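Colleague: I would like to learn how to read this model, feature by feature. Where do we begin?

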Amino acid sequence: MFAFTMGISLISFYLFVAVPILSAVSFTLYGIDKWKAKSSTERIPEASLLMIDAFGGWPGGLTGQKFFRHKTVKVSYQIKYWLTVVFNLICIYVVYRAFHG
């Protein structure tokens with residue numbers, strides 16, 4: 001019973017606390033990077049954007065890409081981005097299965 005509750009708590013915390021916070025950070029970073037791209041200043045590395053997305057900020061990353069029209073055409077980036085989404089979904093599934101048999 002404790003393992004079941006622990007699994008629900010981890011998933012709930014991740015989905016309802018961590019993902020919204022990381023999504024807000026990711027959305028903001030995409031906006032800043034777009035602004036920096038337009039003003040020809042030092043950019044945010046793609047690896048940093050992808051790392052935030054990989055840790056759970058991918059919904060904000062997707063929203064930021066669409067809202068700011070940023071990083072939507074570069075195929076190599078999109079492949080990496082969508083791999084972060086798949087990674088997140090697999091992690092959620094694995095944690096869920098670990099506590100629910």
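Modeller: Keep in mind that the model is predicted. Begin at the surface. Phe 13, Leu 15, Phe 16, Val 17, Ile 21 and Val 25 make up a nonpolar patch there, with about 580 Å² of accessible area together.

Colleague: Is Phe 16 buried or exposed?

Modeller: Exposed means over 50% relative accessible area. Phe 16 has 65% relative accessibility, so it counts as exposed. Phe 16 sits in helix α1, residues 2–38.

Colleague: Next, pockets. What is the volume of the largest pocket?

Modeller: Rolling a probe the size of a water molecule over the atoms shows where empty space is left. Here the largest pocket has a volume of about 150 Å³. Helices α1, α2 (46–68) and α3 (75–100) each give two or more residues to its lining. The most come from α3, with 5 residues.

Colleague: Which classes of residue line the largest pocket?

Modeller: The lining has 9 nonpolar residues, 1 polar and no charged ones. Among the lining residues are Tyr 14, Phe 55, Asn 88 and Cys 91.

Colleague: How many salt bridges are there?

Modeller: A salt bridge needs a Lys or Arg side-chain nitrogen within 4 Å of an Asp or Glu carboxyl oxygen. By this rule there are 3. One joins Arg 43 to Asp 33, at 3.0 Å, N to O. Arg 43 is in the loop between α1 and α2 and Asp 33 in helix α1, so the pair ties together parts 10 residues apart in sequence. Asp 33 is buried, at 0% relative accessibility.

Conventions: Residues numbered from 1 in each chain as written. Predicted model: local features only at pLDDT ≥ 70, side-chain atom pairs only at ≥ 80, totals over all residues. Heavy atoms only, no water. Patch = residues over 30% accessible without salt bridge, like charges linked within 9 Å, V, L, I, M, F, W, Y side chains within 5 Å. Areas by Shrake-Rupley, 256 points an atom, 1.4 Å probe, with all protein chains shown as cover. Helix = DSSP H or I, 4+ residues; strand = E, 2+ residues; numbered from the N terminus. Buried < 20%, exposed > 50% of the residue type's maximum accessible area, 1.4 Å probe, protein only. 1 Å grid on protein atoms, 1.4 Å probe; cavity = no way out; pocket = protein on both sides within 12 Å on 5 of 7 lines; lining within 4 Å. Points joined across faces, edges and corners; volume = space filled by probe spheres on them. Nonpolar A, V, L, I, M, F, W, Y, C, P; charged D, E, K, R; others polar.
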